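Here is my note on the model, point by point. Please read it with the coordinates open.

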Amino acid sequence: MGEMEQLRKEAESLKDQITAARKAVQDSTLQEAAAGITVVGRIQMKTRKTLRGHLAKIYAMHWSTDSKLCVSASQDGKLIVWDSVTTNKVNAIPLKSSWVMTCAYAPSGNLVACGGLDNMCSIYNLKGKDGNVKVMRELAAHTGYLSCCRFISDTEIITSSGDCTCILWDIETGTQKTVFAGHQGDCMSLAVAPDFKFFISGACDFTAKLWDIREGTCRQTFGGHESDVNAIGFFPNGNAVITGSDDATCKLFDLRADQELITYQDSSIMCGVTSLAPSLSGRLILAGYDDFNVNIWDMLKAERVGVLAGHDNRVSCIGVSADGMACCTGSWDSFLKIWN
Amino acid sequence: MSCFRKMEKVIVAMQDPDMGMKMRNQRLLITVIPHAMTGQDVITWLIQKYHICEEEALHLGEMLVRYGYIYPLKEPRCLVLRPDESPYRFQTPYFWTSTRWPPTELDYAIYLAKKNIRKQGELMEYEKERYSLLHKRINHTWDFVVMQAREQLRASKQRRKADRIVLECQEQAYWLINRPPPGVQNMLDWALERPNNFSTRVPLNSDYYKSEIETSRRALGRNRVKSSVCLEGFIKYSEQYQNHDPIMQGCLPSNPWISDDIAYWTMNSEIVPVPTRLRVERWSFRFMELLSDTMGRREFMTYLEKEFSAENLHFWQACEEIRHGESSKIVEKVEDVYKNFLAPGAARWVNIDSKTMDKTLEGIKRPHRFVMDDAQMHIYFLMKKDSYPRYLKSDLYKNMLAKAVVPQETKKSVFPFMRRQRHSSPSPAQASAQAAEEDGRAGTNSAAGSHF
């Protein structure tokens with residue numbers, strides 16, 4: 001038996017031991033734990049605003065922390081910053097490459113970032129001295145498309161890529177500080193923990209991984225999905241990870257129990273999940289699907305309690321504002337809608 | 001594409017001899033087409049099978065039509081599911097999207113050639129354009145195209161008329177989906193073609209397995225909490241924050257998205273003379289809530305000053321700035337922190353245990369972003385376990401809570417008696433309380449507007 005075969009066997013055996021350790025703490029099911037709770041009443045949300053202006057599919061959107069501004073990226077080659085209350089466009093930034101797949105708003109509100117098939121993450125300064133929005137940095141090192149990016153601060157950003165890695169960058173110097181490698185498939189999305197010490201990534205190897213930003217290592221790996229993990233987010237208290245997959249299910253993985261606790265699925269839902277966001281209290285999970293709808297799930301009872309139907313094409317991105325007030329959906333039909 | 005396999009399961013179930021749909025013959029002009037069903041049949045079956053409402057069944061049924069698993073017999077170009085007596089048929093598995101995707105240009109050329117040969121002028125404008133484009137592009141195989149088209153037409157003439165019509169319908173339906181007419185949404189537009197799931201970029205060599213083993217060893221050693229405890233934690237958290245979740249409970253004075261009144265945001269901006277009650281309540285939920293709110297932090301600082309332990313919060317804030325600030329300023333900031341908080345006799349000396357202090361002082365020799373982490377963590381827990389609980393019991397906090405504002409619901413209405421919907425969905429308890437309130441107030445005016 002060659003050395004590599006031995007190593008492979010050892011890796012398998014450790015994974016089995018982890019599975020056993022996880023089973024050992026499974027002392028309750030969701031049904032038992034949530035037995036005393038009533039399902040949330042039917043949630044009916046209406047479209048309050050429609051943001052029109054993009055000319056092609058919208059691939060990504062992200063709220064600013066002020067809960068009023070948001071940024072969206074479309075394959076018409078534009079990054080638009082919207083005042084979602086007035087529906088005015090605050091900035092319309094033309095991009096060098098129109099094949100954009102992700103965008104992000106910095107917590108400070110000073111910067112936005114985007115990237116896509118150009119394999120780069122471009123950072124734009126919204127508060128430049130002369131009022132013009134210009135490229136501040138172009139972060140290039142990935143060898144695959146940029147699927148997602150999220151700011152930690154004005155000086156650091158994390159990106160996920162089709163080259164199966166995630167990278168932590170120093171924006172000032174434009175260099176990569178840490179490479180997070182370990183996924184066996186394209187990384188599709190990422191989310192940063194509320195305390196900024198960890199982040200999670202979902203990939204086409206059907207798993208989600210929790211990474212320690214400082215150490216650069218993978219702390220936990222969560223499997224269970226039967227297809228690509230497209231969307232990922234933290235439960236508001238940072239103790240759990242919620243994932244959405246092409247297998248048409250969403251799953252909740254608890255970080256402390258180190259395993260999947262809840263699956264959100266329905267036999268009548270067949271199309272994959274593209275995006276998800278929890279409500280402020282975490283009780284509701286809003287998930288966008290390939291079948292043009294957003295389904296609202298009761299997090300604790302794993303039942304559907306609402307549907308947002310209003311887009312004429314795939315819902316590609318969703319976000320709940322920081323104050324929990326509104327949900328924004330972006331679609332391939334080129335519109336963004338604000339619901340509550 | 002796994003959604004296709006799921007749709008196919010539904011289609012197969014629909015055709016199950018026992019539990020499937022009732023099929024009947026449908027008349028199309030003078031021909032009778034067997035094994036057809038009406039749009040209403042499809043919807044009724046879906047409602048019963050999946051226990052969903054009509055709207056959802058319609059949505060699901062539409063997906064099946066749009067992806068070509070069911071096609072309409074009347075108006076074949078209109079790929080919608082009509083919830084009435086309109087006839088539909090199942091697409092043959094030969095033409096299922098998952099079987100024959102992606103279709104080749106050659107296939108499309110043969111199809112258009114057949115249509116052209118069969119009846120002159122049968123091609124639509126857009127089809128004529130595509131036909132001539134294909135003729136240019138794959139000119140070198142054109143003889144083959146025409147020959148194939150003629151062969152297929154000859155073979156179909158030998159079928160019964162009913163079968164021939166069915167086959168033509170099936171083929172037409174297939175191409176309407178795979179080569180949609182201009183202006184019609186392309187359902188099979190999959191954006192980026194993702195490479196095979198398990199990427200070949202990641203070589204599964206010894207290095208890979210060694211790092212997997214290390215990661216797994218560390219992961220194995222971690223402490224795991226019982227699932228019951230974790231689930232309990234989620235229940236408690238969402239209960240605690242329920243009143244603060246505007247989607248679930250609405251918000252006062254009014255939801256700016258519904259009322260167009262930004263009072264809510266004005267009252268909750270970063271610095272206000274008097275904060276709202278909900279906001280001050282949140283400070284008591286967890287320590288980070290207090291620290292991440294500018295006003296909360298200010299209040300806490302005032303309290304600590306009274307207790308002569310304000311240096312702890314100043315230290316924590318300075319460490320945050322190192323952690324998240326510009327790389328170029330790290331060395332300078334670390335120096336400042338050392339001078340002000342850690343050096344013997346420092347003006348704002350913080351009380352850290354000797355082990356952490358030694359480690360930090362060692363680390364300062366080569367300053368980096370995370371060099372203050374351990375010390376910051378120590379002071380954070382000190383404040384959390386000691387000062388924070390006492391702050392919550394203090395008069396300072398209690399007074400803040402008492403004078404905090406509970407906004408009045410704005411009753412601005414264009415029409416009197418029109419009840420403004422405050423939020424998306426009330427909890428059952430609230431609904432009955434409000435209903436009772438409304439009955440008392442609105443009197444007998446039946447023009448009362450929006451309802452739950």
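Where is Pro253(B) found in chain B? Pro253(B) sits in the loop between helix 10 (246-249) and helix 11 (256-259) of chain B. Helices here are DSSP runs of H or I with at least four residues, strands are E runs of at least two, and both are numbered from the N terminus.

1. Basis. This is a predicted model, in which local features need pLDDT of at least 70, side-chain atom pairs count only at pLDDT 80 or more, and totals for chains, interfaces and linings use all residues. Residues are numbered from 1 along each chain as its sequence is written, chains are lettered from A and ligands numbered from 1 in the order in which they are written, and side-chain values use heavy atoms, with hydrogens and water left out.

2. Backbone points to check. The peptide bond joining Leu252(B) and Pro253(B) is cis, with omega about 0 degrees. Thr87(A) is not a glycine, yet has a positive phi of about 65 degrees. Thr87(A) belongs to the loop between strand 4 (78-83) and strand 5 (88-94) of chain A. For context, most residues other than glycine have a negative phi, and most peptide bonds are trans.

3. Chain A overall. Chain A has two helices and 28 strands. Its C-alpha atoms fill a box of roughly 60 × 50 × 30 Å along the principal axes. The radius of gyration of chain A is 20 Å, which agrees with the value near 20 Å for a compact globule of 340 residues. That radius is taken over C-alpha atoms, and the globule rule is 2.2 Å times the number of residues to the power 0.38.

4. UniProt (unreviewed entry) gives "coiled-coil region" for residues 4-31 of chain A. UniProt positions follow the numbering used here, feature names are shortened, and annotations may be inferred rather than shown by experiment. In the model, residues 4-31 of chain A are 82% helix and 0% strand, with end C-alpha atoms 43 Å apart. Residues 180-221 of chain A are 0% helix and 57% strand, with end C-alpha atoms 13 Å apart. For residues 222-263 of chain A, the figures are 0% helix, 55% strand and 13 Å.

5. The A/B interface. Contact (heavy atoms within 4.5 Å) links 113 residues of chain A with 83 residues of chain B. The buried area is about 8500 Å², and carbon and sulfur atoms give 60% of it. Buried area is the accessible area (1.4 Å probe) that two parts lose on being put together, summed over both.

6. Charges across the interface. The rule finds eight salt bridges between chain A and chain B. A salt bridge is a side-chain nitrogen of Lys or Arg within 4 Å of a carboxyl oxygen of Asp or Glu. Arg217(B) and Glu10(A) form a salt bridge through their side chains at 2.5 Å, N to O. Helix 1 of chain A gives the most to the side of chain A that touches chain B: twelve residues.

7. The unreviewed UniProt entry assigns "domain: RGS" to residues 286-401 of chain B. That span is 74% helix and 0% strand, and its end C-alpha atoms lie 16 Å apart. Asp293(B) and Arg279(B) meet in a side-chain salt bridge at 2.8 Å, N to O. Asp293(B) lies in the loop between helix 14 (287-292) and helix 15 (294-306), and Arg279(B) in helix 13 (residues 277-282), so the pair ties together parts 14 residues apart in sequence.
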